[in-house]
Amino acid sequence: MTRALRLLRRRLIGSVFVLLIVVVGSFLLLEAAPGDAVDAYIVSTGGDAGLVESLRQHWGLDQSEPTRLANYLWALAHLDLGQSVAFSRPIRDLILERLPNTLLLMVSATALSFGLGSLLGIVAGARPGSARDRILSIGSLALYAVPGFWLGLVLSVVFAVQLRWLPIAGIESIASGKAGFARAADIASHLVLPVAALGFIYLALYLRMMRAGMAEVWRQDFVRALIARGIPRRRIVIRHVARNALLPLVTMLGLQSAQMLGGSVVIESVFSMPGLGRLAQEAVAARDTPLLLGIILVSAVLVVLVNLAVDIAYAFLDPRVGTSEART
Amino acid sequence: MRGPGMSRMARFFRSPEAIAGALILAALALMALVAPLLFSSDPLAIAGPPLTPPFQDWALPLGTDRLGRDVLAELFHGARTSLVVGLAAAAASLAIGAVVGTLAGFAGGLTDEVLMRVTDAFQTVPGFLLALAFVSVVGPSLGVVVAAIALSAWTGPARVARAEVLSIRERDYVAGARVIGMHPLEIAFREVLPNALPPVLALSSVIVAAAILTEAALSFLGLGDPNRVTWGGMIAEGRAVLRSQPFLSIVPGVALVLTVLGIYLAGEGAVEGTAVRRGLS
C-alpha cells in the first residue's frame, strides 16, 4: 500500500511540472495568434474604437504579456479559466457541461477497443503463424489504416441513412421527455456509432500488442516446460501466456488516452455530439483563443489523471513496480 | 536454408504482404507524379455539370462533385498532397526527435531532465488538439500543416533516440573521441547520433502513416491548405450530399485507407527484414 502511495506522490510532483509547461507553452502559442479576443468579439457584434478600448481594459488585454500570463496563472490557481468570447459564458461552466459526453464516449470506446482487441489478440496469439493469426493480423492492420472520421461517415450512411437503425447525430433525442431507463437507452443508441467509429480503430492496436506479446512469451523456457509437463494447451494460453502479455496493454491504455481525446475531436464533429472535441472545433471556428486554451488544459489534466490511474493499477498488478524506487 | 548473405531487399520481397505494400506505394507515387501531366488544368476548376455520376461520361470517369470538379483529377492531385505532407512531416518529426533525444541522452543531468519534461508536456496534450490549435493560430497552408503535424509527432522518436544514445554513450569509441579532445557536441552529433538512428528510422512508416491520417482529419475539419486538393477535404465536401451521393465521400476515403495500409505493409516488411538479420525473428 505504502509502495503505491509513494509512487503516486512522486508522479504527482512530476505531473505538476509537466502541466505548468503545458500552461505556459499553450498560452504563448495562442498569444502569437493575430488579433485578440476583443477583435473576435467586435467582428461578431460590431462597435467603435472606444468600445474596443474599454473591452481591452475590462478583460485586462491592455497589459503586457508577462502580466497577463501571471494573471492567467493566478486565476487558474482559483480554478477560473476566464470568459469565453464566443459564448459569453465562463469557460469552466462550458467545459464542465460538455465534459461528461466526451468522457462517456472515451470510456465506452476504450472499453470496446481494449476488451475486444485483447480478446482477438489472444485468439491470434494462441497459435502464432497459424492461418487464423495471419488473417487477424492483416485484418487489424487494415482496420488501423482507416481514418476514424471516415469510418464514422460510412457507418452513418449504412446504419443511420440506409437502414435507419440508429440515430444519425447528437447525444440524445431533443425534447423527448424521456427519463430514467428510457433516457439512458436513448443516449446509448446515440452512442453506438461514434463509439464504434472511435473504438474499432484502436481495437487493432490492442490486438496487435497482445499478439506480439504472446508470441514473445511462447519462446520463453517456462512455457516449454509447461508444454512438456502436458498441461492442456487452452490452460497454458489463458493462464500463462496471455496473462504475461497483458501488462504492456495496461500501459498502452494510459498512453492511448491522449490520442483518444484527439480522435474524439473529429468523431464528435462527424456525429454533432456536444462534447469537448466539438467545443474545440467551435472555439477554432470562432477564433475564441481563451476557450481553446481552456480545452487544451483540461484535456492535459485528463490525460495526466488517466496515466496516474494506470500507474497505480500497474503497481497493484505487478509487485516489482516501485520496490526499486523505495529510496527516493 | 537462407544464408547470411541474403540481402535485406531479397528478404523484403519474400513476404507477400511487403510486396503488396510496395505495389500500392508505387502506384500511389505514380499517381502523384503524373497528376499534373494527365490533368494539366487546375483540379479545382470546373470540369463539367455538377454531381455527374461516375461511369457516365468518358471524359469524367469518376464524375464530378457538388461544384462540378473532376473527381478523378482531384483524387490524383490529392495523392500528391498526402504524400508530400506525410513525408515532409515525418522527416521533420524524426529530425527533431533525433536531435532532442540525442541532446537529452548525451548531456544527461539537468539538460536531460528539462528536455524530457518538455517531451512529457507535448505527450500530455492530445496531438490532434495541438495541431488544431497551431494551424488555427498560424493559418492554414501546406507548410503550417506540416509543422503542426511534426509538432505533435516528434516525441516518440525523441524517446527512442534517447534510450539508444544512453546505451551508446558508454562505449569505448565514445570514450576514445573524448580522449582525443573532440567537442562534446561534435561527439554527440557526429559519432553517437548516426549510430542511434536505426531504431529511430524503424518508426518512420508508422509516423508517415499517422501524418497522412492527421492531415486528412485537419483538412476534413476545414483546416487544410485551401489552395490544394486534399482527400480529407474531398470527404468533407462530399458530406453535404452524403445521402444522395455517398460515393463522393467514399472514394477518397478508400484511397486514404489503401495508402496508409500500403505504408504499414511495406514498413512491416522492411522491419522484418532487419529483424531477421539481427536474429530476432
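A residue is counted as buried here if 20 or more other C-beta atoms lie within 10 Å of its own C-beta atom. By this criterion, in the predicted model, buried residues account for 37% of the 328 residues of chain A and for 48% of the 281 residues of chain B.

Both chains are helical in their assigned secondary structure. Chain A contains 13 helices and zero strands, and chain B contains twelve helices and zero strands. Along the principal axes, the C-alpha atoms of chain A occupy a box of roughly 85 × 60 × 40 Å, while those of chain B occupy roughly 75 × 55 × 30 Å. Among contacts between residues at least 6 apart in sequence, the fraction joining residues at least 24 apart is 74% in chain A and 69% in chain B.

The interface between the chains brings 36 residues of chain B into contact with 39 residues of chain A. On the chain B side, α4 (109-124), α5, α10, α11 (231-239) and α12 (247-277) each contribute at least two residues. The largest share of that side, nine residues, is supplied by α12(B). Classified by residue type, the side of chain B that touches chain A comprises 25 nonpolar, six polar and five charged residues.

Ten of its twelve residues are buried, so α5(B) is largely enclosed by the rest of the structure. The buried positions are B:G127, B:F128, B:L129, B:L130, B:A131, B:L132, B:A133, B:F134, B:V135 and B:S136. These residues pack against elements of both chains: α1 (2-31), α11 (247-270), α12 (276-285) and α13 (289-317) of chain A, and α6 (142-153) and α10 (204-220) of chain B. Following the helix is B:G139, which has a positive phi near 100 degrees.

The axes of the two helices are 6 Å apart and form an angle of about 50 degrees. From α11(A), the contact involves A:A258, A:Q259, A:L261, A:G262, A:G263 and A:V265, and from α5(B) it involves B:G127, B:F128, B:L129 and B:L132. The residues of this contact divide into six nonpolar, four polar and no charged.

With residues up to four places away in sequence left out, B:L129 touches A:L261, A:G262, A:V265, A:A280, A:I296 and A:S299. B:L129 also belongs to the largest nonpolar core, which holds 152 residues; the members touching the most other members are A:A280, A:I295, B:L129, B:A131, B:L132 and B:A211. The largest share of this core, 18 residues, comes from helix α8 (residues 180-218) of chain A. In soluble globular proteins, nonpolar side chains tend to be buried together.

Helix α4 of chain B also has buried residues that pack against chain A. It has 16 residues and reaches 23 Å from its first C-alpha to its last, close to the 22 Å expected at 1.5 Å a residue. Its buried residues are B:M116, B:T119, B:D120, B:A121, B:F122, B:Q123 and B:T124. In chain A, their packing partners are α1, α11 and α13; in chain B, they are α3 (71-107) and α7 (155-168).

A buried loop position was also examined in chain A. A:F271 is located in the loop between α11 and α12 of that chain. It has 28 other C-beta atoms within 10 Å and is therefore buried, the cut-off being 20 or more. Apart from residues up to four places away in sequence, A:F271 touches A:G152, A:A169, A:L193 and A:P194. The C-alpha atoms of A:F271 and A:F149 are separated by 9.3 Å, although the two residues are 122 residues apart along the chain.

Definitions and conventions
Residues are numbered from 1 along each chain as its sequence is written. Chains are lettered from A and ligands numbered from 1 in the order in which they are written. This is a predicted model: local features need pLDDT of at least 70, side-chain atom pairs count only at pLDDT 80 or more; totals for chains, interfaces and linings use all residues. Helices (H or I, at least four residues) and strands (E, at least two) are DSSP runs, numbered from the N terminus. Two residues are in contact if their C-beta atoms, placed from the backbone, lie within 7 Å. Ala, Val, Leu, Ile, Met, Phe, Trp, Tyr, Cys and Pro count as nonpolar, Asp, Glu, Lys and Arg as charged, and the others, Gly among them, as polar. Axes are lines fitted to C-alpha atoms, for helices over the stretch in contact, and angles run from 0 to 180 degrees between N-to-C directions. A nonpolar core is a set of buried Ala, Val, Leu, Ile, Met, Phe, Trp, Tyr and Cys residues joined through C-beta atoms within 7 Å. The expected span of a helix is 1.5 Å times one less than its number of residues.
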